[in-house]
Amino acid sequence: MPLWVPKGMGLTPEEEQVKRYLKRYATDDKDGKLRWSELKVALKDLGLHFSGFRAKRAVHYADVNGDGCVDEEEMNDLVKYTVKWRLSNRIAGEKNSLRSR
């Protein structure tokens with residue numbers, strides 16, 4: 001697991017999957033921005049422990065303009081930061097469990 005995450009790079013297919021998943025939770029004001037509270041719910045729904053702490057750290061990392069939210073321009077940096085938590089594996093597991101119901 002890398003200690004440093006480069007900013008501004010393109011996304012892999014797995015990271016695109018994570019980005020689509022996280023964007024589903026950016027719904028509070030319909031402005032497309034992901035807030036800490038929304039990210040916390042997204043991470044909790046995936047079963048991540050310490051979702052509030054992780055969400056605060058991730059938003060702090062990705063929020064370049066300091067508005068407290070992650071907008072479209074900052075979303076790739078957020079996804080790159082969260083990829084170390086293996087969210088794509090958890091998202092795939094969530095989809096499989098929904099199909100088996």
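## Glu-15 in helix 1

Glu-15 sits in helix 1, which spans residues 13-23. In this predicted model, Glu-15 has a relative accessibility of 7% and therefore counts as buried. The cut-off for that class is under 20% relative accessible area.

The side chain of Glu-15 reaches back to the backbone nitrogen of Thr-12, at 2.8 Å. Setting aside neighbours within four places in sequence, Glu-15 is in contact with Gly-10, Val-79, Lys-80 and Val-83. Val-79 and Lys-80 are also among the buried residues of helix 4.

## Overall layout

The protein chain contains five helices and two strands. Along the sequence their order is α-β-α-α-β-α-α. The chain has 101 residues, and 40% of them count as buried.

Helix 4 covers residues 72-82. Eight of its eleven residues are buried, so helix 4 is largely enclosed by the rest of the structure. The buried residues are Glu-74, Met-75, Asp-77, Leu-78, Val-79, Lys-80, Tyr-81 and Thr-82.

The N-terminal end of helix 4 is capped by Asp-71. A side-chain oxygen of Asp-71 lies 3.1 Å from the backbone nitrogen of Glu-73.

## Helix 1 against helix 4

The axes of helix 1 and helix 4 come within 10 Å and cross at roughly 120°. That angle makes helix 1 oblique to helix 4. The crossing is right-handed.

On the helix 1 side, the contact is made by Glu-15, Val-18, Lys-19, Leu-22 and Lys-23. Helix 4 contributes Glu-72, Met-75, Asn-76, Leu-78, Val-79, Lys-80 and Thr-82. By class, these residues divide into five nonpolar, two polar and five charged. Glu-15, buried at 7%, is thus part of this contact.

## Helix 3 against helix 4

Helix 3 packs on helix 4 at an angle of about 135°, with the axes 9 Å apart. Helix 3 is therefore oblique to helix 4. This crossing is right-handed.

Helix 3 brings Arg-57, Ala-58, Val-59, Tyr-61 and Ala-62 to the contact. They meet Glu-74, Asp-77, Leu-78, Tyr-81 and Thr-82 of helix 4. The contact holds six nonpolar, one polar and three charged residues. Leu-78 and Thr-82 take part here, and both also belong to the contact of helix 4 with helix 1.

## Helix 2 against helix 3

Helix 2 (residues 36-45) and helix 3 (residues 51-62) pack at about 130°, with axes 8 Å apart. The angle makes helix 2 oblique to helix 3. Their crossing is right-handed.

From helix 2, Trp-36, Leu-39, Lys-40, Leu-43 and Lys-44 make the contact. From helix 3 come Ser-51, Gly-52, Arg-54, Ala-55, Lys-56, Ala-58 and Val-59. The residues divide into six nonpolar, two polar and four charged. Ala-58 and Val-59 face helix 2 in this contact, and they also meet helix 4.

## Two loop residues with positive phi

Phe-50 lies in the loop between helix 2 and helix 3. Its phi is near 55°, a positive value in a residue other than glycine. Phe-50 has 66% relative accessibility and so counts as exposed.

Arg-86 lies in the loop between helix 4 and helix 5. Arg-86 is not a glycine, yet its phi is positive, at about 55°. With a relative accessible area of 58%, Arg-86 is exposed.

## Gly-93 in helix 5

Gly-93 belongs to helix 5, residues 87-99. Its relative accessible area is 37%, so Gly-93 is partly exposed. The C-alpha atoms of Gly-93 and Leu-46 are separated by 9.0 Å, with the two residues 47 apart along the chain.

Notes: Residues are numbered from 1 along each chain as its sequence is written. This is a predicted model: local features need pLDDT of at least 70, side-chain atom pairs count only at pLDDT 80 or more; totals for chains, interfaces and linings use all residues. Side-chain values use heavy atoms; hydrogens and water are left out. Axes are lines fitted to C-alpha atoms, for helices over the stretch in contact, and angles run from 0 to 180 degrees between N-to-C directions. Helices (H or I, at least four residues) and strands (E, at least two) are DSSP runs, numbered from the N terminus. Angles under 35 degrees count as roughly parallel, over 145 as roughly antiparallel, 65 to 115 as roughly perpendicular and the rest as oblique. A crossing is left-handed if the near helix is turned anticlockwise from the far one by less than a right angle, and right-handed if clockwise. Contact means heavy atoms within 4.5 Å. Ala, Val, Leu, Ile, Met, Phe, Trp, Tyr, Cys and Pro count as nonpolar, Asp, Glu, Lys and Arg as charged, and the others, Gly among them, as polar. Buried means under 20% relative accessible area, exposed over 50%, partly exposed in between (1.4 Å probe, protein chains only). A polar contact is a pair of N or O atoms within 3.5 Å; within protein, one must be able to donate a hydrogen and the other to accept it, and residues adjacent in sequence count only if both atoms are side-chain atoms.
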